[in-house]
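I opened this entry to record what I looked up, one contact at a time. The structure comes first, then my notes.

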Amino acid sequence: MVYTLCFVLFVIGLYGVSCKKNIVKIILGFLIIEYSINLFLILLGWRKNGVVPVIEPGSDAHMLVSASVDPLPQVMVLISIVTGLGILSLMVAIAIRLYQRYGTFDITEMNKLKH
Amino acid sequence: MDNLSLFITIPAAVAFFIPIVSRRFRWFPDVITSITTFILLLLSLMTLNHETVYRMGNWFVPYGIVFVLDGLSCMVLIIVNLIGFLVSLFSVDYIEKIYTSKLRYYSLLLLAVTGMNGTVLTGDIFNLFIFLELALVATYALVGFGCEARNLEGAFKYLVINLIASYFILLGIALLYGKFASLNMADISRLINSTEKDVIVSFSFVLFLVGFGTKAAMVPFHGWVADAYTAAPAPVSAILAGGVIKALGIYVLMRLTYNVFGINQHISMLFIYAGTVSIMIGVLMALGQWNFRRLLAYHSISQMGYIVLALGIGTPLAILGGIFHLLNHSLFKSLLFLNAGSIEYETGTQDLKKLGHLSQKMPLTSTSSLIASLSISGIPPFNGFWSKLVIIIAAIQAGKPVFALWAVIGSILTLASFSKIQRYVFFGKGEKFNSGMIKDIIEVPALMRVSMVVLAVFCCFAGLLLLGGLNGIFGPVVNVLTDGTNLYITRILGR
């Protein structure tokens, strides 16, 4: 059920990217897509009443495996957030420069390449 | 040559080193980039006929990140580093004249090379995504490097389409991880082939197909190609056509379909149709173009179609043809983009209608572009002829003569549009040609000439690499793909 909501979020972001004409809304669409995938990854490793996946002296390894959350998706989400931040800043920089050149955020008015 | 991490660490370290040092020494970025890419080229040539699995930080195989070197990755590694070296030689004068910030340009170029090397070598699917993003972020910035309106427009279009594709890939990786709890490609392959067919696996394969198909410029995901190639600086177009769409797109598609998911009837039919449609749409759209680099960009789509068609046919001969065409396409298409760059360097325009009579003024550019044009159109004895011939023979042998016919028609139309380039730019003149414009034109500087001559010589003699056929130099490369999933798993997991 929760996974389905992640996909709904993904599709909303995809709608924003593909159907909106304003660059800022396109960037927001990308943010929604990125968060939906991050949420999905985190949910993959989530477990109800899960414990921290660290073996302490005296703790039972088998018990830990059956009760702990999966740490790997959390690492993947961290990396994906960092790359997402890099791309976001690049996108915003390009958007600002585009606004300076064209005086608008509307992508349908940016068509100098075809001429 | 066992330490595969050098292909990542050397260019990445130099990329971060350049901005620190070169504020003091202005000549530093040119020299260090050329030296670094040359060292990488030598290192990649040393990997020929080696097979290694390098474990990062000595972690056990399914858990840590592995770098895998086999025939296919060695081949793509050599292509990427060769093009990287020649492009960095070409950039020395080109960037000096047209753009301002050399140190940022070279930094980004080396980061793109890092990302491509990493994508080619890695055997871990999430690590592949990271290297892919690294190469893409560097090329997004490089495409918009001129910061004029048209550069930024091309860069934004390139960014939006490829970022959607990247997130499709990430979603596919997340689904596969949720299903199999593994990120190692060989381990995933073992789990896929040992369990029942599953809808999640098929769905993630479709996501990968869309994602990497976009990066490989396959029709119908080709929207970004023409704009990005036209907007970028010419050396960047050369590295996009010769390296990025090969290493990030078609190489990963080959690896995933043949070595991880395993090929079947439906996928090969899909590839055959997509390849044929790419060939025809690319070449038909190229015929009507009047912008030099836009025309070349549409030909990129068409030539990638031949490789995808060969992948779909899937017999050893077809794969040999496809891989040979991969090599040849990076040679002649990079050469053509460098020619377009030299013409832009001297005349300041890419419009075919405004150019003319350049064959006397720029004899070397003219000759090398003639060689590349004949090569891409499939005229013997140049390299493009041999690879197209092998693909067409393989299509007929596999009982698909209709697709062979389409490939031949595509090749003839390619010849038509390149005779247009030769006619309007070098031997004849366009409608808006102004003879005052080319009066002071001379041949381009020495380093730009060197990189064009090297590529032209390769275009003339690369046909000889085919000697020996399936037992020759491409034997190990073809074996990697025809062996399918089992040997890939055994090579990496060791069982």
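**Helix pairs in chain B**

I started with helix 13 (residues 316–347) of chain B and helix 16 (residues 383–397) of chain B, which pack at an angle of about 155 degrees with their axes 8 Å apart. The model is predicted; I took local features only at pLDDT of at least 70 and side-chain atom pairs only at pLDDT 80 or more, while totals for chains, interfaces and linings use all residues. Residues are numbered from 1 along each chain as its sequence is written, and chains are lettered from A and ligands numbered from 1 in the order in which they are written.

Helices here are DSSP runs (H or I, at least four residues) and strands are runs of E (at least two), numbered from the N terminus. Axes are lines fitted to C-alpha atoms, for helices over the stretch in contact, and angles run from 0 to 180 degrees between N-to-C directions.

Helix 13 of chain B and helix 16 of chain B are therefore roughly antiparallel to each other. That label needs an angle over 145 degrees; under 35 is roughly parallel, 65 to 115 roughly perpendicular, and the rest oblique. I noted their crossing as left-handed, meaning that the near helix is turned anticlockwise from the far one by less than a right angle (clockwise would be right-handed).

Next I listed who meets whom, counting a contact when C-beta atoms, placed from the backbone, lie within 7 Å. On helix 13 of chain B the contact includes B:Phe324, B:His325 and B:Phe332, and on helix 16 of chain B it includes B:Trp386, B:Lys388 and B:Gln397. I sorted this contact into eleven nonpolar, eight polar and one charged. The classes are: Ala, Val, Leu, Ile, Met, Phe, Trp, Tyr, Cys and Pro nonpolar; Asp, Glu, Lys and Arg charged; the others, Gly among them, polar.

**Two partners of helix 17**

The axes of helix 15 (residues 363–377) of chain B and helix 17 (residues 401–427) of chain B come within 8 Å and cross at roughly 165 degrees. This pair is therefore roughly antiparallel too, and the crossing is left-handed. Among the residues that meet are B:Leu370 and B:Ile376 in helix 15 of chain B, and B:Thr414 and B:Ile421 in helix 17 of chain B.

Then I checked helix 12 (residues 292–313) of chain B. The axes of helix 12 and helix 17 of chain B come within 11 Å and cross at roughly 160 degrees. That makes helix 12 of chain B roughly antiparallel to helix 17 of chain B. I noted a left-handed crossing again. B:Tyr306 of helix 12 of chain B takes part, and so do B:Thr414 and B:Ile421 of helix 17 of chain B.

**Domains and chains**

An automatic or database assignment sets the domain bounds. For chain B I read domain 1 (1–262) and domain 2 (296–479). Their centres, taken over C-alpha atoms, are 23 Å apart. The contact takes 33 residues from domain 1 of chain B and 31 residues from domain 2 of chain B.

What does the contact between the chains take from each? I counted 28 residues from chain B and 26 residues from chain A. Helix 6 (149–180) of chain B is one of the elements on the chain B side. Helix 6 of chain B gives the largest share, 17 residues. By class, the chain B side has 20 nonpolar, four polar and four charged residues.

Terms used: Two residues are in contact if their C-beta atoms, placed from the backbone, lie within 7 Å.
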